[in-house]
Amino acid sequence: MSYELSSSTRVAVIGAGSMGSGIAQLAAQSGHQVLLHDAQPGAGERGLERIAADLDGAVKRGKLADLDRTMILGRIRVAGCLEELEGSGLVVEAIVERLEPKQSLFRTLEPLLSSQAVLATNTSSISVTAVAQGLHHPERVIGWHFFNPAPRMKLVEIIRGVETDPALASALRDLSNAWGKTAVDAPNTPGFIVNRVARPYYAEALRLLAEGVAEASVVDRLLREAGGFAMGPFELMDLIGLDVNLSVSESVFHATAYDPRYAPSILQQELVRSGRLGRKSGCGFYRYGDASEPGIVDTIAPTTAIEPIRVPTELGLLDPLVERLRLAGSVIVQHSQSIHEGLEFGSVRVALTDGRTAAECSAQDGPGLILLDLALDFGKTALIGVTADAAALPHVGALAASLAPAGIALVALEDVAGLVVMRTVCCLANEAADVMTWTGAKAADIDTAMQLGTAYPRGPLSWADGLGCSRVAAVLTHLQAHYGETRYRRAPALSRRHFSRGAFHE
Ligand code: NAI
């Protein structure tokens, strides 16, 4: 079948909450006549007020002409009942996130609409196939997953259920582009792409906190300042709402037949039980409205630099760091004999974490080791996480003294496997590789989705390519050995690239 989706298609949006009103606004901004319906009396009008307030803000900021604001609002009408939606060519549901109401809504609507009308669901976790179940025309049901706030977030995920007509996916992709969005094809599997690949961003942070590796503020600051993420995981969970974040985790856990890798964190469950839901309740990982909001993180006090710093001819990822040291005036000499892959000063070796603890490295390779956490760009970062074995611990201040003139501060971490940024990035890349393996999603789509849907500084698969798939594989192998848990098992798509020395983006 061919689907005519253009600005002359009348759009019906059902559910006038934050997502529904955002989608209605977007449709009207793109020239559609829009009907907005909500089952709760007054909710449609409130949705319309929210849209008007958003457009008013755009007018005040000079981003929208007053006349355009009036035209956009003039295209949206609140529909009091479902019968008024008759004649709509595209229905987007953004009602409560439960299967039964979504199924029942589409079953009620089907006889009111022409057989060509499209039924799109904005569900963030429910199977599109299940939403279409029991309809006469399940082929015109499709997942169209927007991100919050819908008018501004660039990404949409397009999800086909088993029966969805491929031609519809293609038509919806064109419409998404016409609405100014980047569309990616996402598999109809738990969490689609973004909510699935992002799980480790929260889960690893929660484990680091449970293990007592560092305060939430330290983990957040490292992931923001060294990792380049827009927000740290704890401040992000506080913003999303711990209850909402937990329910996505639970839904992925449930839908993966309780794969222990996705087991919800006990720590998070306890916070939710106690009513600490994040910003909306005034308290989550941080307290809001008083001095304990995300704040000061102590860095390691510099002592006296020990020079020269010895480096091998090829340092790889740490090369830009050495260049910064050189420019800042450190005495750098090349050592050709050492088999060690990092820097050396005095009796101390400095290396990038490979997923083993400093204690384990020390036992295997000899004492005197400082481990550095990953940074998105060692040529620019102002902060690096660090740990050391017992022999090197007294010398961490000397390293801080060498790095300070180059504008780099160090944050002390407990001796945890994979540290913070390296472990997070490797787990994100592994999750992305797992999605690739089992769903056939494309590397480019996954990376685009993660950058546009969650503002990651780099797509996780492209990041894995930059680190080298073998390095990522080694970190995961070490994490798995350290914890003895299958949560760190390597995705087949990653292992293949490790053995073949390949990359996700060839
Ligand atoms: P919300 O709770 O703000 O709004 C839902 C609205 O739907 C409410 O106004 C409610 O009265 C109405 N409603 C419930 N059942 C209805 C029914 N049977 N018929 C008509 N109206 C009904 O929820 P929100 O956040 O806007 O989410 C809506 C949907 O969008 C959910 O499926 C959610 O998973 C999905 N979503 C949410 C995102 C978010 O960040 N909040 C992001 C992407 C998707």
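Trainee: How many aromatic pairs does a search of the whole structure find?

Mentor: The search finds 11 aromatic pairs. Keep in mind that this is a predicted model.

Trainee: Why is the pair of Tyr201 and Phe229 called tilted?

Mentor: The ring centres of Tyr201 and Phe229 are 4.7 Å apart and the planes make an angle of 35 degrees. Centres within 6.5 Å count as a pair, and planes under 30 degrees apart would be stacked and over 60 edge-to-face, so what is left is tilted. Tyr201 belongs to helix α8, residues 199-210, while Phe229 is in the loop between α9 (216-226) and α10 (233-240), 28 residues apart.

Trainee: What makes the pair of Phe229 and Tyr456 edge-to-face?

Mentor: The angle between the planes of Phe229 and Tyr456 is 85 degrees, with 5.0 Å from centre to centre. The cut-off for edge-to-face is over 60 degrees, so the term applies.

Trainee: Why is the pair of Phe229 and Tyr456 said to tie together parts of the chain?

Mentor: Phe229 is in the loop between α9 and α10, and Tyr456 is in the loop between α17 (443-454) and α18 (460-467), so the pair ties together parts 227 residues apart in sequence. Ring pairs also link Tyr201, Tyr202, Phe229, Tyr456 and Trp463 into a cluster.

Trainee: How do you know whether Phe229 is buried or exposed?

Mentor: Buried means under 20% relative accessible area. Phe229 has 4% relative accessibility and therefore counts as buried. Tyr456, at 6%, counts as buried too. Tyr201 is also buried.

Trainee: What makes Arg207 a charge over the ring of Tyr483?

Mentor: Arg207 lies over the face of Tyr483, at 5.0 Å from the ring centre. The distance limit is within 6 Å, with a limit on direction of within 35 degrees of the ring normal. Another case is Arg487, whose charged end sits over the ring of Tyr488 at 5.6 Å from its centre.

Trainee: How many cavities of 30 Å³ or more does the structure hold, and how much space lies in the largest?

Mentor: There is one cavity of 30 Å³ or more, and the largest cavity holds about 90 Å³ of space. Arg487 and Tyr488 are among the residues that line the largest cavity, including also Arg199, Glu204, Arg261 and Glu431. Helices α8 and α16 (421-439) are the elements that give two or more residues to this lining, and α8 has the largest share with four residues.

Trainee: How do the residues of that cavity lining divide into nonpolar, polar and charged?

Mentor: The lining of the largest cavity has six nonpolar residues, one polar and five charged. Tyr and Cys count as nonpolar in this division.

Trainee: What is the volume of the largest pocket, and which residues lie nearest its centre?

Mentor: The volume of the largest pocket is about 1400 Å³. Its lining has 46 residues, with Ser124, Asn195, Ile240, Val244 and Val248 nearest the centre. Helix α11 (242-255) is one of the elements that give two or more residues, and α11 gives the most, seven residues. By class, the pocket lining has 25 nonpolar, 18 polar and three charged residues.

Trainee: Why does Ala257 count as exposed?

Mentor: Exposed means over 50% relative accessible area. Ala257 is at 64%, so Ala257 counts as exposed. Ala257 also has a positive phi, about 55 degrees, although not a glycine, and is found in the loop between α11 and α12.

Trainee: Where is a cis peptide bond found, and what is its omega?

Mentor: A cis peptide bond joins Asn148 and Pro149, with omega about 0 degrees. Another cis peptide bond joins Glu307 and Pro308, with omega about 5 degrees.

Note on methods: Residues are numbered from 1 along each chain as its sequence is written. This is a predicted model: local features need pLDDT of at least 70, side-chain atom pairs count only at pLDDT 80 or more; totals for chains, interfaces and linings use all residues. Side-chain values use heavy atoms; hydrogens and water are left out. Rings of Phe, Tyr and Trp (its six-membered ring) pair if their centres lie within 6.5 Å; planes under 30 degrees apart count as stacked, over 60 as edge-to-face and the rest as tilted. Buried means under 20% relative accessible area, exposed over 50%, partly exposed in between (1.4 Å probe, protein chains only). On a 1 Å grid over the protein atoms alone, a cavity is a set of points where a 1.4 Å probe fits but cannot get out, and a pocket is an open set with protein on both sides within 12 Å along at least five of seven lines; lining residues have an atom within 4 Å of a point. Grid points are joined across faces, edges and corners, and a volume is the space filled by probe spheres set on the points.
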